[in-house]
Each structure stands twice: as structure tokens, then as C-alpha cells.
Amino acid sequence: MWFKNLRLYRLPSGQALDLAKLDALLARRPLTRCGSFEMASCGWVFPRQEGAFVHAVDRQWLLALGIEQKLLPTTVVRQTARERAAIIEKEQGRKVGRKEMRDLTERVMEELLPKAFSQRRTTWAWIDPQGGRLVVDAGSDARADEFMETLLTTLDDVTPRPLQTQVSPTTAMTAWLAAQEPPTGFSFDSDLELRAASQSQSAIRYVHHDLGGQEIAAHIATGKLVTRLGLTWNDKISFVLTDKLRIKRLAFLDVLKEQAEQSAANEDERFDADFALMVGELARMLDDLVNALGGELEPE
């Protein structure tokens, strides 16, 4: 359940969330099975206990969006349509036109869709109601947007916005690396992406590489900007920060996970211990990161 990729949002000030109300709102849109002619279905699922759509631990909330998708590769549909077109051409002695081929493909899709297998996945999110923070565990913009669109259509009057900072991540990361001075509480890891500011947008990536060499300093001196930088916070959490304030490849050191395991007597207690420890450390790390980026940019 440990988060791996973070999308950061700010809950509007003055719009306090109520646990019972939120749970009731999520219950209005539970995940249902895909219909016979549906490619996908999404809705809220229980993060842990049966019947609770919001799992609360120490005043921190966990949400889970379930997505069910049909497995029907387009290559299979196209191949089947081509096979049927070949039969028509052979039996009727004529060429199948574009419009007829499109119609044939649509009919194949309608026939195969009810027979397709389905798979499910879950997108997790953490809400800190006191701190006004929403964090979605999503590795792509598409999955983050999918979660947020569903959340916005579920909530009545709460509109989260992407978190923004006074200093852009690119500007800050480039300055840190140029000076070889990571922000307080952080250290450099060995992953880096530099991108030219010109229209060419040429990029150089380093993996498992010493970031203190003259080669990297020369790239920065010629105007290349840092767009991805590996960092470790307080020797506890490592991650890659991107130019869009995304946190990728989040990894908690084993010592933290061992603490949670030692404090848990069963699976339910371990789940709660993992969640409480994760969000507690993430809250402190995110506060330090936002401060390192000049503080939060308030909306106009």
C-alpha cells in the first residue's frame, strides 16, 4: 500500500471536509461491473473495512478509486475485421471500401466486447483534512486526471487545485545542482535529467551517476536546465522530483517499514501502521520540499 508516485493538490481553505459526509458521497458512486458493451467502469471501493469508503487512521484519510477495464486489444479487432473482409471479397468478388470496413470493425467490436475479460486496478489517495492536503498515488497524468475527474463529480462543493510553489522546480533544482548545495534535509541521489532551454529541447539523462562532476557543471554552464533530480530526504525517503512538481519512484527505506512491522500484531494493524507511518513521514517531507521551493504559491 506504500505510495510510489505522488500528485500534489491543495484543498480549498474554508471548505472543511466532514468524514461522515465524504463517506456518504463516495457511497453514491461505488464501482460496478462493466456492462456488456462498456470498455471501462470506475467508482469508489473500500480501502479496507467492508462498508467504509474512507479509511481513517489518526485523523488521516485513505481513499481508493477502482477501475475495471475490458481487455480487448485493437489488434484482435482489426485482424478479425480483416478476415471477414477477405471472406466478403472472395465470395462477392469485390473490394471492401473504407466506410464498409469501418462498419465491419464496429460490428466486430460489438460482438467481441461482451466476451472480453476484465481486469481491475486501484488508484489510492491520501487526504490530510487538517493540513488541507490531497495526495494521489498516480504514475501518469492520465491516471491522476481520471481520479480527480471522478472525485470532482462525486463531491458537492469542494474543488482541489494542483499545489504550486513560489519557485519553479526547474529553477530550484538547477540552482541546487549548480551550487552543489541540496536544500536543508535533502541530499542528491544519482539520477538526473538535463534539458536544453532552446527549441531543440535536447535532453541528457544520467542514471546511477555521480552528480558532482565537471561534465554536469559544464552542461549547466551552457544553459541546460534540470528537469528531473534524484533526492533523498533525511536518509528516510528517496524520490525523483520533476519540473512539474511530480514525485516519482518514491521509496521508503527498509528501516521505516520495519518499524511498522514491529508495531503490528495482525494484518489489519500492520495496514494501519504502514499508512500512519507513511503519511506522517510524507507530511514532513512535503513541508520541507515546499519550503525549499520558496513556499506555496497562493491562488490569486
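This is a predicted model: local features need pLDDT of at least 70, side-chain atom pairs count only at pLDDT 80 or more; totals for chains, interfaces and linings use all residues.
At what angle do the axes of helix H2 and helix H3 cross, and within what distance do they come? The axes of H2 (residues 74–92) and H3 (residues 98–112) cross at roughly 125 degrees and come within 9 Å.

Residues are numbered from 1 along each chain as its sequence is written, and side-chain values use heavy atoms, with hydrogens and water left out.

The crossing of H2 past H3 is right-handed. Contact (heavy atoms within 4.5 Å) involves residues of H2 including Val76, Ala81 and Ile88, and residues of H3 including Met101, Leu104 and Val108. The residues of this contact comprise ten nonpolar, two polar and four charged.

Two spaces are described on a 1 Å grid over the protein atoms alone: in a cavity a 1.4 Å probe fits but cannot get out, while a pocket is an open set with protein on both sides within 12 Å along at least five of seven lines; lining residues have an atom within 4 Å of a point.

| Space | Volume | Lining residues include |
|---|---|---|
| Largest pocket | about 150 Å³ | Arg10, Leu11, Arg161, Glu296 |
| Largest cavity | about 30 Å³ | Leu11, Leu17, Ile127, Val158 |

The lining of the largest cavity has eight nonpolar, no polar and no charged residues.

Methods. Axes are lines fitted to C-alpha atoms, for helices over the stretch in contact, and angles run from 0 to 180 degrees between N-to-C directions. Helices (H or I, at least four residues) and strands (E, at least two) are DSSP runs, numbered from the N terminus. A crossing is left-handed if the near helix is turned anticlockwise from the far one by less than a right angle, and right-handed if clockwise. Ala, Val, Leu, Ile, Met, Phe, Trp, Tyr, Cys and Pro count as nonpolar, Asp, Glu, Lys and Arg as charged, and the others, Gly among them, as polar. Grid points are joined across faces, edges and corners, and a volume is the space filled by probe spheres set on the points.
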